[in-house]
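Subject: The two-chain model, with notes

Hi,

Here is the structure I promised to pass on.

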Amino acid sequence: MQLRVTAASLALAALFASAAAATDPPNFDFNGYAQIPANLGGTLTLRSVLTNNGVVPTPIPLNFALNQYTLVVTGTLASVSGINQDYSPASIALYEDAIGGGTAADYANGATFTDGTPILTGAFTPALRRITFTPSLGSYIGTVNFSGGTQLAALGGLVNWPFGGGWSRSIGGIPAGYQENWDGKIDLGAVGVETRTWDGVKRLYR
Amino acid sequence: MKKLSLLPVAAALLLAGSAAAQNALIDYQGYAWETGGIPASAAGDVLSFVGVVDNIDARFGINFGTEEVTLHVTGLSSGGQVNLGGGLLSVAYSGGTIGLYRDPSRNHDYGTFPANATAPSTFVDGSLLLGGTLSNFVLFIDTTTGSGAYESSASFTSGSGLTTLNLLQANGFTFGGVLNSAASGGNNPAGYDLQVDGTIEVEVIVGVQEKTWGAMKNLYRR
């Protein structure tokens, strides 16, 4: 059992490594709009759509021909320090909704972003940080630990997935009721590695 | 009733001379490098980035099943970084060109340590979709987190995309976020200083055909 599990892990790592060398680094690319709270204790809500569209690989298999994928982040404004606003707790969820028979994401109707199947859910640890460079431009960054969803088992590693991107209030087309366009992605989380001596590795294959 | 409700709209169009249609949005991601690395950004260093478009306005007629659209930005000359305190840097760049290319070979390859054998060459092959210049490009980097953002005005003056939109020239805007290698979890290809993820907005202005008042009334007479 140990040999099969370790071999499987090596094979999986090799699959990721060879895939990374031959194709773009996989990620969950998203674009959407955020509602930003004015005061401490207020709620940030980001509603967005995954935009990989089969062009950029995703960490788990997704079918953009048949489904629309939405990504929603909510967070409580816990502290403000200088240009930094930290949201904690902050949660994240990715949903899959069939294009045929499902409801297309509509920023005027927030429920259309959460009425699909939750494929991955998790939380930011320790917080989601929004950074303000100018009144109309900034960035955001956080680390996600996934803990739920129908596709959780497909992820492999569940912790330390980098989440980041930029926000703008200058770009056109921001829907009514939202203040910012958020464009960013979730990068591939680090894959844990088990340390062994050379003798230990050789013994696995004897 | 119907004729009365249409006349004010028609009159407004005549007075305006042109009307703004919905602007076209283009979503992209990629990686950036600067001569000498960034940070630090020294005056005269040149920032470039290459990327791929994964979402684009349907009016451009792109089929991602059979082609790719790639992005190349270069020629951004650093004015030198400004230390804003607290680990925050800003850099203003002058110049800069932007090109988007549609390519059925779908062969883009970042490689490592650009410029290299495939970058930017595999990002500028194919046919030009949109080409132009950048102005007022500014980049902010928070060195404590490794994250940042940029924005720039753009002027598109060439490419088949302008023809598709029935434009001779289009103003534009782009913004995006950046992460250094550590902040991205080590996912940046080796030799690239930053990952970029951004949006381009292409302003679409619709021309209006002028008519006399008599001709306008004739349109609605039955």
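A quick word on terms: helices (H or I, at least four residues) and strands (E, at least two) are DSSP runs, numbered from the N terminus. Please keep in mind that this is a predicted model, in which local features need pLDDT of at least 70 and side-chain atom pairs count only at pLDDT 80 or more, while totals for chains, interfaces and linings use all residues. Residues are numbered from 1 along each chain as its sequence is written, and chains are lettered from A and ligands numbered from 1 in the order in which they are written.

Chain A first. Its secondary structure consists of 2 helices and 9 strands, and from the N terminus the order reads α-β-β-β-β-β-β-β-β-β-α. Of the 206 residues in chain A, 38% are buried; a residue is buried if 20 or more other C-beta atoms lie within 10 Å of its own, exposed if 12 or fewer, and partly exposed in between, with C-beta atoms placed from the backbone. Two residues are in contact if their C-beta atoms, placed from the backbone, lie within 7 Å. Among the contacts in chain A with a separation of 6 or more, 58% are between residues 24 or more positions apart.

Next, some backbone details. A:Ser88 and A:Pro89 are joined by a cis peptide bond with omega about 0°, and A:Pro89 sits in strand β4 (residues 84-98) of chain A. Another cis peptide bond runs from A:Thr125 to A:Pro126, with omega near -5°; A:Pro126 is in the loop between β5 (117-124) and β6 (128-134) of chain A.

A:Asn53 is not a glycine, yet its phi is positive, at about 50°. You will find A:Asn53 in the loop between β2 (43-50) and β3 (67-81) of chain A, and it is partly exposed because 19 other C-beta atoms lie within 10 Å. In chain B, B:Asn136 also has a positive phi, about 60°, without being a glycine. B:Asn136 belongs to strand β7 of chain B and is partly exposed, with 13 other C-beta atoms within 10 Å.

Finally, how do the chains meet? The contact takes 36 residues from chain A and 31 residues from chain B. On the side of chain B that touches chain A, β9(B) gives the largest share, 5 residues. That side divides into 10 nonpolar, 14 polar and 7 charged residues, where Ala, Val, Leu, Ile, Met, Phe, Trp, Tyr, Cys and Pro count as nonpolar, Asp, Glu, Lys and Arg as charged, and the others, Gly among them, as polar.

Best wishes
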